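Thank you all for coming; I would like to walk you slowly through one structure today.

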Amino acid sequence: MTKYTDKKLTCVVCKKEFIWPAEEQEFFAKKGFKPPLRCPECRKAKKPLPRLFPGTCAKCGKKGIFPSPPGEGPLYCSKCFSSL
Ligand SMILES: [Zn+2]
Ligand SMILES: [Zn+2]
């Protein structure tokens with residue numbers, strides 16, 4: 001019996017949910033890899049990971065990491081972004 005079960009992850013590139021199969025989790029754990037950030041399609045297409053920039057949320061003032069550089073319009077943390 002494996003302790004792994006299929007997991008739902010969100011792709012950082014296309015923001016779609018994808019299933020991370022148990023077998024792959026086991027393989028990644030054995031290799032010491034971090035969980036995949038991209039869905040299988042984006043991985044296959046070798047889509048680059050979005051660049052992340054340190055910044056401050058325009059709403060709550062929390063410092064964090066954002067997908068766009070400061071100066072390109074207001075930045076929102078994931079919490080404020082979902083409540084916009
Ligand atoms: Zn994707
Ligand atoms: Zn915020």
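This is a predicted model: local features need pLDDT of at least 70, side-chain atom pairs count only at pLDDT 80 or more; totals for chains, interfaces and linings use all residues.

Let me start with Ser83, which is found in the segment after helix H3 (78–82), where helices (H or I, at least four residues) and strands (E, at least two) are DSSP runs numbered from the N terminus. Residues are numbered from 1 along each chain as its sequence is written, and chains are lettered from A and ligands numbered from 1 in the order in which they are written.

Is Ser83 buried or exposed? Ser83 is exposed, because 9 other C-beta atoms lie within 10 Å; by definition a residue is buried at 20 or more other C-beta atoms within 10 Å of its own, exposed at 12 or fewer, and partly exposed in between, with C-beta atoms placed from the backbone.

Turning to the strands, which pair if DSSP finds at least two bridges between them, E3 (residues 53–56) and E4 (residues 63–66) run antiparallel and are joined by 4 bridges, with Thr56 having Lys63 as its bridge partner in E4. These strands form a hairpin with 6 residues between them, and Gly61 in the turn has a positive phi of about 80 degrees.

Strands E1 (residues 7–10) and E2 (residues 17–20) also pair in the antiparallel sense, over 4 bridges, and Lys8 stands opposite Ile19 in E2.
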